[in-house]
Amino acid sequence: GPVGAAYNTAISACERVGRWVEAWELLRSMSEARLTADVVGMSAAISACEKAWKWEQALGALGAARASGMRLDAVAFSA
């Protein structure tokens, strides 16, 4: 829905400007609100963590995406 899309857009914006903490918090907030990130939002969150050398968070997000059945693309796996 539109709320999930807004979250995904915000996560992507955080990734572009190197704000991994905010991207991670938005992703966590989505989960608490029972919203699901899309492939773009999840890939952006993983990439933001990777760029900040936060491998534990990146791997956690990757694991959560896979557990939810999300079919991630090459962008997510290359992060």
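## Handedness and the α1/α3 pair

A crossing is called left-handed if the near helix is turned anticlockwise from the far one by less than a right angle, and right-handed if the turn is clockwise. In this predicted model, α1 passes α3 in a left-handed crossing. The axes of the two helices come within 8 Å and cross at roughly 25°, and because angles under 35 degrees count as roughly parallel, α1 and α3 are roughly parallel to each other.

On the α1 side the contact involves Asn8, Ile11, Ser12 and Glu15, which meet Val40, Gly41, Ala44, Ala45, Ser47, Ala48 and Lys51 in α3. Sorted by class, this contact of α1 with α3 has 5 nonpolar, 4 polar and 2 charged residues.

## Asn8 in helix α1

Asn8 belongs to helix α1, which spans residues 2-16, and it counts as buried at 6% relative accessibility. When its neighbours within four places in sequence are left aside, Asn8 is in contact with Met30, Thr36, Ala37, Asp38 and Gly41.

## The α3/α4 pair

Helix α3 (residues 39-51) also packs with helix α4 (residues 55-67), at an angle of about 160° and with the axes 7 Å apart; the two helices are therefore roughly antiparallel to each other. The crossing of α3 and α4 is left-handed.

From α3, the residues making this contact are Met42, Ile46, Cys49 and Glu50, while α4 contributes Trp55, Gln57, Ala58, Ala61, Leu62 and Ala65. By class, the contact of α3 with α4 has 8 nonpolar, 1 polar and 1 charged residues.

Conventions
Residues are numbered from 1 along each chain as its sequence is written. This is a predicted model: local features need pLDDT of at least 70, side-chain atom pairs count only at pLDDT 80 or more; totals for chains, interfaces and linings use all residues. Side-chain values use heavy atoms; hydrogens and water are left out. Axes are lines fitted to C-alpha atoms, for helices over the stretch in contact, and angles run from 0 to 180 degrees between N-to-C directions. Helices (H or I, at least four residues) and strands (E, at least two) are DSSP runs, numbered from the N terminus. Angles under 35 degrees count as roughly parallel, over 145 as roughly antiparallel, 65 to 115 as roughly perpendicular and the rest as oblique. Contact means heavy atoms within 4.5 Å. Ala, Val, Leu, Ile, Met, Phe, Trp, Tyr, Cys and Pro count as nonpolar, Asp, Glu, Lys and Arg as charged, and the others, Gly among them, as polar. Buried means under 20% relative accessible area, exposed over 50%, partly exposed in between (1.4 Å probe, protein chains only).
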